[in-house]
Amino acid sequence: MENSGEQFDVIVVGGGVMGSSTAYQIAKRGFKALLLEQFDFLHHRGSSHGESRTIRATYPEPYYSSMVMDSSKLWEETQSEIGYKVYFKTSQFDMGPSDNKSLRAVIANCESDSIPHRVLDAHQVFDEFSGRISIPENWVGVVSEVGGVIKATKAVSMFQTLAIKHGAVLRDNTEVENIERDGLRGGISVSAKNGEKFWGKKCVITVGAWMKKLVKRIAGIEVPIQPLETSVLYWRIKAGHEDDFTISGGFPTFASYGEPYIYGTPMLEFPGLIKIPVHAGQPCDPEERRWEPTAPAVVEMVKEWIEGRFGGAVEAAAPVVAQSCMYSMTADEDFVVDFVGGEMGKEVVVGGGFSGHGFKMAPAVGRILAEMALRGEAGEGVDIKHFGLRRFLGNPKGNIKDFEDQVNFCC
Ligand SMILES: Cc1cc2nc3c(=O)[nH]c(=O)nc-3n(C[C@H](O)[C@H](O)[C@H](O)COP(=O)(O)OP(=O)(O)OC[C@H]3O[C@@H](n4cnc5c(N)ncnc54)[C@H](O)[C@@H]3O)c2cc1C
């Protein structure tokens, strides 16, 4: 097998947003990083492509809010470094039945974490958004300051460009087949399907929906990360109402709790269209994607929701654009950020299972993964205890069968 001869401090496998952010963080610290991607960079077959992702600090789990707040600052710093914008700020609006447990937890968390927010009843919501958003009488709304849109593909490109600028080497169309300890030299040997071999002191694996297969192959650990195929849906705003749905017109990013969980962004990426998808999907094999059209039942759910919430200003007959994407779900929807351990010890780090909500935190995740690889710890004050690789072992919640039932239910 051919050995590239070059030696790296850290080899990052997987060039989605997490791997690209990690490579940037490593290179920025003056270390030599190699980023390997199996397809073309900025391809559309993973989880990080597309026009937009929501950023919001309103989480039911307190440990995410602080990562979002850190990331919000890092998005601003990074876009200043590159010289163009990827982060478009607006407020975030969460809504749902007043007895919804997750929404109650969001409100409690905003209070204890001092996240600026206001809880509104149905009448106040109507006034707040000048009639553009309506909620039923038994719902509440939460307006919070930290919200906005991250331009997804543009952000991945930004991290890659900055990584190169800081000296990283980026290689696409290089599928990694094996990662093992180098018995002769120490460090980690990474083998690609095309026969090339690379050597690094450390390795970070950020392979998204391919994580389960790769971790099983290299470490024999069964991580129940289930790929789901999901669709981003755009709907047409009725003529004359377009300005009502813009960031400059005060429209927020939004999330609607309960069944189904619906989320969306203001009109930004396509003139006259607003993004309103469902947080759900169908289990899939990333090697054998079916690229199925959005299930009619999903479209029906969103139609009904649009008619109720947006008071006739959005055409609910059918979405006009649907873009396919993959989630990498864990059973508890928490991330997996950990050392592989065992024979690999702290030399190999994994970052995956971002469960459809990781993009906004990519700057913080990249920094954590870089610190773990370079220094053997996540960083001062960083708490990753909820993200253990082995938390599913012997835990009924981690049982793949139960998990698949849960996923099907959520569809
Ligand atoms: C429709 C949709 C909407 C979303 N909305 C939001 C949102 O509003 N807010 C938010 O915060 N998050 C959101 N997310 C989640 C977010 O986009 C993901 O959490 C994030 O993109 C995951 O990035 P990743 O780098 O882990 O995975 P990926 O982007 O899939 O990157 C993994 C990469 O690894 C490569 N790879 C795999 N195997 C190998 C191998 N053997 N060798 C080399 N390379 C390999 C893959 O080709 C891929 O490029 C959404 C996701 C989707 C799909």
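## Helix α1 against helix α5

Val 17, Ser 20, Ser 21, Ala 23, Tyr 24 and Ala 27 of α1 touch Ala 155, Val 156, Phe 159, Gln 160, Leu 162 and Ala 163 of α5. By class, this contact holds nine nonpolar residues, three polar ones and no charged ones. The model is a predicted one.

Helix α1 covers residues 17–28, and helix α5 covers residues 152–165. Their axes come within 8 Å and cross at roughly 25°. That angle is under 35 degrees, so α1 is roughly parallel to α5. The crossing of α1 past α5 is left-handed.

## Helix α1 against helix α8

Helix α1 also packs with α8, which spans residues 362–375. Here the axes are 8 Å apart, and the angle is about 55°. This makes α1 oblique to α8. The crossing of α1 past α8 is right-handed, whereas α1 passes α5 in a left-handed one.

On the α1 side, the contact uses Val 17, Met 18, Ser 21, Thr 22, Tyr 24, Gln 25 and Ile 26. On the α8 side, the partners are Ala 362, Pro 363, Val 365, Gly 366, Arg 367, Leu 369, Ala 370, Ala 373 and Leu 374. Sorted by class, the residues are 11 nonpolar, four polar and one charged. Val 17, Ser 21 and Tyr 24 are named in this contact, and they are also named in the contact with α5.

## Helix α2 against helix α5

Helix α5 has another neighbour in α2, residues 62–82. The axes of α2 and α5 come within 10 Å and cross at roughly 60°. The two helices are therefore oblique to each other. Helix α2 passes α5 in a left-handed crossing.

Thr 78, Glu 81 and Ile 82 are the α2 residues in this contact. They meet Met 158, Thr 161 and Leu 162 of α5. Three of the residues in this contact are nonpolar, two are polar and one is charged. Leu 162 of α5 takes part here, and Leu 162 is also listed in the contact with α1.

## Two domains

The chain is divided into two domains. Domain 1 is built from 2–47, 154–224 and 331–390. Domain 2 is built from 89–149 and 227–329. Taken over C-alpha atoms, the centres of domain 1 and domain 2 are separated by 32 Å.

The domains do touch: 12 residues of domain 1 are in contact with eight residues of domain 2. The domain 1 side of this contact has four nonpolar residues, seven polar and one charged.

## Around the ligand

Where does the ligand shell lie in relation to domain 1 and domain 2? Both domains give residues to the shell, so it lies between them. In total, 36 residues surround the ligand. The closest are Gly 14, Gly 16, Gly 46, Gly 208 and Gly 358.

Helix α1 returns here, as one of the elements that supply at least two residues each to the shell. By class, the shell divides into 16 nonpolar, 16 polar and four charged residues.

## Two backbone details

Two loops hold local features of the backbone. A cis peptide bond links Glu 259 to Pro 260, with omega about 0°. Pro 260 sits in the loop between β12 (253–256) and β13 (262–264).

The other feature is at Ser 114. Its phi is near 55°, a positive value in a residue other than glycine. Ser 114 is in the loop between α3 (101–112) and β5 (117–120).

Technical notes:
Residues numbered from 1 in each chain as written. Predicted model: local features only at pLDDT ≥ 70, side-chain atom pairs only at ≥ 80, totals over all residues. Axes fitted to C-alpha atoms, helices over the stretch in contact; angles between N-to-C directions. Helix = DSSP H or I, 4+ residues; strand = E, 2+ residues; numbered from the N terminus. Parallel < 35°, antiparallel > 145°, perpendicular 65-115°, else oblique. Left-handed = near helix turned anticlockwise from the far one by under 90°. Contact = placed C-beta atoms within 7 Å. Nonpolar A, V, L, I, M, F, W, Y, C, P; charged D, E, K, R; others polar. Domains from an automatic or database assignment. Near = placed C-beta within 6 Å.
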